[in-house]
Amino acid sequence: MTKRITVFVFLMFFALHPASHAIDLRGITKHLDTLKSVVGATTKAARPISDEEEYYLGRAVAARILGTYPLSNDKGLTEYVNLIGKAVSLSSDKPFTYGGYHFAVLETDEINAFACPGGIIFVTKGMAGMTTNEEELAAVLAHEIAHINKRDGIAAIKSSRWTEALAVIGTEAARTYSSSDVAKLVAVFEGSIDDVFKTLVVNGYSRSQEFAADESALQYLLRSGYDPESLNAFLKRLAGRGGPSGGGITATHPETADRIDNVAGKVPSGQTDPQSVQIRTARFMEVMKPAK
Amino acid sequence: MKSRTAAVILIILLAPVPVFAEQASVITKENAVREYCRFFAPVVAPVRYKDILEIVSPQGDWFKVRYKGTEGCIHKAAIEKRTASFSGAALPGKGTGAVSESEAALAGKGFNPQVEASYRKKYPAMRYSLVDSIEHDKVSEKEIAFFITSGGLNKP
């Protein structure tokens, strides 16, 4: 009888208190904590890096890039690029990252742009100078934002790094690591920075990553109110420019003609108010006059 | 005996059980709960990484949430849904559409400020001061909103 009553009590308890309610039972807590660490490790293997980690990695990659290219002190252009970039990022698939989006200009004639993991985006003065209006500059930035949305920089990291990192992370639950664990993680950190830096600055992303970034950029441009056709127009001018650029975008991106072919037929149709384009072009000219 | 058993049953059934609504934790360094579900809506409460919000209801790409007694909206990309945990620790929730479902579980693990500090110590020539200045130079929300409106762009 007592057993029956006990069962009844338990059944009634669970019937009246939905599963989302909390019950402070030590055993369950212990199991959940175990489950949590297993889920954490499994997720880590499948998605090897959190947004917070991506942020710290991106900062290091940015620092490395700034060791190669000088940062422009053109405040007007930097602010303008930030305003365009922020406007586009709000219409992207990921309007917020852990540390937010930040845009900066590199003082070089080389034509290129780099998306560091986490949200720092560099555009060279050469690249900005190659654009003819705000729509095109937005197209360049939209392409880089797409790389961040898709975590393409993180994908450049060799999978063996994650195995090494997991050996430390998987056993250490605490936020503070021992000095030997930190040394191991710093080694993985360094290797990961190398992988991303080489991909961004030397080898470039894969063709499929570049094509996908162009396709997403078209959508971001449309959503934010810029003319998506501007990406196509910019690519055509880039292709028409011809000749080796001494590294830069032609070295790190697929053949521009292939990118044009990929974009062809994918430009979404949308009405862009000509008067607004005119206003944007006027402010572009105002900012770019001293830069060009 | 029977009446005692009945009393025990009643006490157990009626005992106040803390009710946890669906929760979410903030996964960006800083963000804001806004008056209504749009970018640039007035901020009703600033929030920071790991702050816990109570989810009221989904609203498209946004969530209506409650934070410290204030109700408002936050974008799905800024939070990660949690399920109430018995030990107070986060567990990945079901699909929120947010960027990651494991942020809370991974918080502070791997590449964290401690690793960055060691790396910077090892390579003091790395241009971190410039990176800090890039992150520090922010354009204000007001400036972005004005830029969008004055340029005839779509206000998201």
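Figure 1. The model is predicted: local features need pLDDT of at least 70, side-chain atom pairs count only at pLDDT 80 or more, and totals for chains, interfaces and linings use all residues. Residues are numbered from 1 along each chain as its sequence is written, while chains are lettered from A and ligands numbered from 1 in the order in which they are written. Chain A holds 14 helices and 3 strands (DSSP runs numbered from the N terminus, H or I of at least four residues for helices and E of at least two for strands). Among the contacts in chain A with a separation of 6 or more, 72% are between residues 24 or more positions apart (a contact requires C-beta atoms, placed from the backbone, within 7 Å).

**Figure 2. The sheet of chain A.** An open sheet is formed by 3 strands of chain A in the order S1-S3-S2, with mixed pairing (two strands pair if DSSP finds at least two bridges between them). Strand S1 (102-106) and strand S2 (113-115) of chain A are the edge strands, each pairing on one side only. From one strand to the next the twist averages 15° (angles run from 0 to 180 degrees between N-to-C directions, and axes are lines fitted to C-alpha atoms, for helices over the stretch in contact). Helix H4 (residues 75-90) of chain A packs on the sheet, where it touches S1 and S3 of chain A, and its direction makes about 140° with that of S1(A). S1(A) and strand S3 (residues 120-124) of chain A are parallel and share 5 bridges; A:His102 has A:Ile120 in S3(A) as its bridge partner.

**Figure 3. Burial of strand S1 of chain A.** In S1(A), 5 of its 5 residues are buried. A:His102, A:Ala104 and A:Leu106 lie on one side and A:Phe103 and A:Val105 on the other, and both faces are covered.

Figure 4. Helix H3 (residues 51-68) of chain A has 18 residues and reaches 26 Å from its first C-alpha to its last, close to the 26 Å expected at 1.5 Å a residue (the expected span is 1.5 Å times one less than the number of residues). H3(A) is largely enclosed by the rest of the structure, because 16 of its 18 residues are buried. The axes of H3(A) and helix H9 (residues 179-203) of chain A come within 9 Å and cross at roughly 55°. That makes H3(A) oblique to H9(A) (under 35 degrees counts as roughly parallel, over 145 as roughly antiparallel, 65 to 115 as roughly perpendicular and the rest as oblique). The crossing of H3(A) and H9(A) is right-handed (the near helix is turned clockwise from the far one by less than a right angle, or anticlockwise if left-handed). Residues of H3(A) that meet H9(A) include A:Leu57, A:Val61 and A:Ile65; among those on the H9(A) side are A:Phe189, A:Ile193 and A:Phe197.

**Figure 5. Helix H3 of chain A against H4 of chain B.** H3(A) and helix H4 (residues 128-136) of chain B have axes that come within 8 Å and cross at roughly 115°. The crossing of H3(A) and H4(B) is right-handed. A:Arg59, A:Ala62, A:Ala63 and A:Leu66 of H3(A) make the contact with B:Tyr128, B:Leu130 and B:Val131 of H4(B).

**Figure 6. Helix H4 of chain A against H5 of chain B.** H4(A) packs with helix H5 (residues 141-150) of chain B at an angle of about 80°, their axes being 10 Å apart. That makes H4(A) roughly perpendicular to H5(B). A:Leu83, A:Lys86 and A:Ala87 in H4(A) meet B:Glu143, B:Ile144, B:Phe147 and B:Ile148 in H5(B).

**Figure 7. Surroundings of A:Pro95.** The loop between H4 and S1 of chain A contains A:Pro95. A:Pro95 counts as buried because it has 21 C-beta neighbours inside 10 Å. Not counting residues up to four places away in sequence, A:Pro95 touches A:Ser89, A:Leu90, B:His75 and B:Ala77.

**Figure 8. A hairpin in chain B.** Strand S5 (residues 62-67) and strand S6 (residues 70-75) of chain B run antiparallel and are joined by 6 bridges. B:Val65 has B:Gly72 in S6(B) as its bridge partner. S5(B) and S6(B) form a hairpin with 2 residues between them, and B:Lys68 in the turn has a positive phi of about 50°.

How values were computed. Buried ≥ 20, exposed ≤ 12 C-beta atoms within 10 Å, placed from the backbone. Contact = placed C-beta atoms within 7 Å.
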